[in-house]
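Dear colleague,

Please find below the structure for your review. My findings follow directly after it.

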Amino acid sequence: MSTINEVQDEIIEEFDGLDDWMDRYALIIEMGNAMPPLDERYKTPDNLIDGCQSRVWLQADYVDGKIQFQADSDAIIVKGIISMLVRVLSGRTPQEILDADLYFIDKIGLHQHLSPTRSNGLLAMVKQIRTYAMGFKIKEAEAGRQ
């Protein structure tokens with residue numbers, strides 16, 4: 001499996017050569033459309049990310065020491081953004097997620113080209129992913145002590 005940074009570099013490469021932001025938005029939308037739809041049973045208030053203007057659901061499952069993320073959004077750009085975060089961070093250990101430097105966000109110019117509300121939403125998504133990682137890390141430690 002590729003490392004977190006290798007996946008980030010792949011994403012940066014996919015955006016290379018797309019100088020026009022309309023093309024970049026089109027790629028982000030494509031990425032969102034390529035993400036499998038989230039099962040309706042996970043579209044619960046508990047899975048909604050606070051701080052996002054549009055609705056974003058994030059489901060996290062702890063399987064064999066790694067966190068599997070699934071996500072969806074009712075906004076196409078936001079769905080594309082969360083799909084990239086899922087692609088980079090799903091299937092990782094809690095510690096890998098907590099240690100990850102998500103440099104791809106700046107490298108592809110996401111922060112500069114998102115509206116302030118979308119930028120806040122992006123930060124809320126990253127924060128929620130890290131919160132899940134911290135929660136599963138604490139559970140791991142507790143299980144190890146028993």
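Of the contacts in the protein chain with a separation of 6 or more, 63% are between residues 24 or more positions apart; contact here means heavy atoms within 4.5 Å. This is a predicted model, in which local features need pLDDT of at least 70 and side-chain atom pairs count only at pLDDT 80 or more, while totals for chains, interfaces and linings use all residues. Residues are numbered from 1 along each chain as its sequence is written, and side-chain values use heavy atoms, with hydrogens and water left out.

The protein chain contains seven helices and two strands, in the order α-α-β-β-α-α-α-α-α from the N terminus. Both types are DSSP runs numbered from the N terminus: helices are H or I with at least four residues, strands E with at least two.

The C-alpha trace spans about 55 × 30 × 25 Å along its principal axes. Of the 146 residues, 46% are buried (under 20% relative accessible area; exposed is over 50% and partly exposed in between, with a 1.4 Å probe and protein chains only).

Asp 64 lies in the loop between strand E1 (56-63) and strand E2 (66-73). Its phi is positive, at about 50°, although Asp 64 is not a glycine. Most residues other than glycine have a negative phi. Asp 64 counts as exposed because its relative accessibility is 76%.

Yours sincerely
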